[in-house]
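This report looks at a protein with its ligand. It begins with the shell around the ligand and then turns to the annotated positions and the overall fold.

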Amino acid sequence: MDGLMKGKRGLIMGVANDHSIAWGIARKLAEHGADLAFTYQGDAFGRRVKPLAEKVGSDLLFPCDVEDSASIDGVFDGLKEAWGSLDFIVHAIGFSDRNELKGLYANTTRENFVRTMVISCYSFTEVARKAAELMENGGQMLTLTYAGSTRVMPNYNVMGVAKAGLEASVRYLASDYGPRNIRVNAISAGPVRTLAGAGISDARYMFSYQQRNAPLRRTVVIDEIGGSALYLLSDLSSGVTGEIHYVDSGYNTVSMPTMEELKR
Ligand code: NAD
């Protein structure tokens, strides 16, 4: 199993710190032999991402703000120069104004709706298009989503709408690039305490509710999301594309709280 990603080169987008889901994925991929490059959003994050990248033997880092197409182009120009080709990408990027991650979804502003969509949904399509140019021998693409895309989660609001669009993008991109043996999938992760997760109002209640009511009676850790990413980005999943794979202790499969919860 050690060499599952040996000789594979990939880009990790979305590490903010060592709690980030993207970091859990990067660590797992590096353990299995992958060569990694990273993006970071601005200098402050860059100072945190650089030592993490070094821990997994990477010195290939690019600044990237996905609101700016030129910034995305810069990343892929840099990768082309450094590596020539690319085997996989991980897109673990999401943002919405935290003032709108509470209260009624109906109050979402036009400005924040568009910004949330551009950063949390469209950026995957733009990045996929650029990455595909460097994937002449096939490849894998992975993004991160959340169950608020298909069911209403309190306060998730416009992020749920963006994640619904992101999941549809996964299917369309899988169809576009399948003939070139480029596979496109998403992991729908259960709640994890991260910077982005903390932006959702009352997230701690959702977190503890899922701990009590998921079939495994706990939430997931980033290492477990990394393990599933390893499967989706390696040849182990060579027949899988266009999928939304839940890594959430089984929470999405239940329709009711546990009896213990009902009797609380
Ligand atoms: P995180 O805060 O560690 O990572 C979010 C990343 O998005 C950060 O690295 C940030 O720099 C980046 N980002 C935001 N706006 C950007 C922009 N304009 N340009 C470039 N990068 C930008 O949080 P996380 O929870 O690890 O989030 C990673 C992904 O996982 C997100 O898509 C999130 O929606 C998704 N997700 C999170 C949870 C959870 O409970 N934490 C659950 C399911 C899915």
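## The ligand shell

Helix H1 (21–31), strand S5 (139–145) and helix H6 (195–198) each supply at least two residues of the shell around the ligand. H6 gives the most, with three residues. Helices (H or I, at least four residues) and strands (E, at least two) are DSSP runs, numbered from the N terminus.

In total, 27 residues surround the ligand. The closest are Ser20, Gly94, Thr194, Ala196 and Gly197. A residue counts as near a molecule or strand if its C-beta atom, placed from the backbone, lies within 6 Å of it. By type, the shell holds 18 nonpolar, seven polar and two charged residues. Here Ala, Val, Leu, Ile, Met, Phe, Trp, Tyr, Cys and Pro are nonpolar, Asp, Glu, Lys and Arg are charged, and the others, Gly among them, are polar.

## Model and confidence

This is a predicted model: local features need pLDDT of at least 70, side-chain atom pairs count only at pLDDT 80 or more, and totals for chains, interfaces and linings use all residues. Residues are numbered from 1 along each chain as its sequence is written.

Mean pLDDT (the predictor's confidence in each residue, from 0 to 100) is 97 for the protein chain, and 99% of its residues reach 70 or more. Among the elements, H6 has the lowest mean, 90, and strand S6 (residues 182–189) the highest, 99. The complex has an ipTM of 0.99 and a pTM of 0.98.

## Annotated tyrosines

An unreviewed UniProt entry places the feature "active site" at Tyr146 and Tyr156. Such annotations may be inferred rather than shown by experiment; positions follow the numbering used here, and feature names are shortened.

Tyr146 lies in the loop between S5 and helix H5 (157–177). Tyr146 counts as buried because it has 26 C-beta neighbours inside 10 Å. The cut-offs are 20 or more other C-beta atoms within 10 Å for buried, 12 or fewer for exposed, and partly exposed in between, with C-beta atoms placed from the backbone. Beyond neighbours within four places in sequence, Tyr146 is in contact with Lys163, Ser188 and Ala189. Contact means C-beta atoms, placed from the backbone, within 7 Å.

Tyr156 is found in the loop between S5 and H5. With 24 C-beta neighbours inside 10 Å, Tyr156 is buried. Not counting residues up to four places away in sequence, Tyr156 touches Leu101, Gly148 and Ile200.

## Overall fold

The protein chain has nine helices and seven strands. Buried residues make up 46% of its 264 residues.

Note on methods:
Two residues are in contact if their C-beta atoms, placed from the backbone, lie within 7 Å.
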